[in-house]
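Subject: Structure handover

Hello,

Here is the structure for you to look over. My notes follow below it.

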Amino acid sequence: MPLLSSAVLPILLLIGSNLFMTFAWYGHLKYPSAPLWIAVMASWGIALVEYWMAVPANRIGYGTYTAAELKAMQEVISITVFVGFAVLYLREPLTLNHFLGFALIGVGAFFIFNGPFK
């Protein structure tokens, strides 16, 4: 029996990939005086690590999950990671509007995992 199943490993890899991608896309915002080319190159290097997790996550998870389920998982994980990043790293407050918007994304994921309706 494998150490991690095809149901669990993709979730762990997607969490890891989203941690890296969030830093790649938004980490440089804390350093607005850094030259843009440095921000782009640093982000590109970080994103390479993200791809080394995201592609295997989808390859391993496909079959256990549908492509739509994998994408829905990725979006929910991405929002969850981003919320933590925005609050803890960027020190941005979250408002009720943010929570409502993120909740609607979660509702969308619910429908993907619980369809098709008959």
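Start at A57. Leaving out residues up to four places away in sequence, A57 touches P10, L13, L14 and L70. Contact here means heavy atoms within 4.5 Å.

First, the ground rules. This is a predicted model, in which local features need pLDDT of at least 70 and side-chain atom pairs count only at pLDDT 80 or more, while totals for chains, interfaces and linings use all residues. Residues are numbered from 1 along each chain as its sequence is written, and side-chain values use heavy atoms, with hydrogens and water left out.

**Core**

A57 belongs to the largest nonpolar core, eight residues in all. A nonpolar core is a set of buried Ala, Val, Leu, Ile, Met, Phe, Trp, Tyr and Cys residues joined through side-chain atoms within 4.5 Å. Buried means under 20% relative accessible area, exposed over 50%, and partly exposed in between (1.4 Å probe, protein chains only). Helices are DSSP runs of H or I with at least four residues, numbered from the N terminus.

**Helix α1**

α1 has 18 residues. From its first C-alpha to its last it reaches 26 Å, close to the 26 Å expected at 1.5 Å a residue. That expected span is 1.5 Å times one less than the number of residues. The buried residues of α1 are P10, L13, L14, G16, S17, N18, M21, T22 and A24. Their cover includes α2 (36-61) and α3 (67-88).

S17 sits in α1, which runs over residues 9-26. S17 is buried because its relative accessible area is 1%. A polar atom of the S17 side chain lies 3.1 Å from the backbone oxygen of L14. The cut-off for a polar contact is a pair of N or O atoms within 3.5 Å; within protein, one must be able to donate a hydrogen and the other to accept it, and residues adjacent in sequence count only if both atoms are side-chain atoms. Setting aside neighbours within four places in sequence, S17 is in contact with E50, M53 and A54.

**Aromatic pairs**

Rings of Phe, Tyr and Trp (its six-membered ring) pair if their centres lie within 6.5 Å; planes under 30 degrees apart count as stacked, over 60 as edge-to-face and the rest as tilted. The count comes to six aromatic pairs. In one of them, F23 and F85 have ring centres 4.8 Å apart and planes at 85 degrees, so the pair is edge-to-face. F23 lies in helix α1 and F85 in helix α3, so the pair ties together parts that are 62 residues apart in sequence. F23 is partly exposed at 38% relative accessibility, whereas F85 is buried at 6%.

F23, F85 and Y89 form one aromatic cluster. K30 lies over the face of Y89, at 4.3 Å from the ring centre. The rule for a charge over a ring: NZ of Lys or CZ of Arg within 6 Å of the ring centre and within 35 degrees of the ring normal.

**E69**

E69 lies in helix α3. With a relative accessible area of 16%, E69 is buried. A polar atom of its side chain lies 2.9 Å from the backbone nitrogen of T66.

Best wishes

Definitions and conventions:
Helix = DSSP H or I, 4+ residues; strand = E, 2+ residues; numbered from the N terminus.
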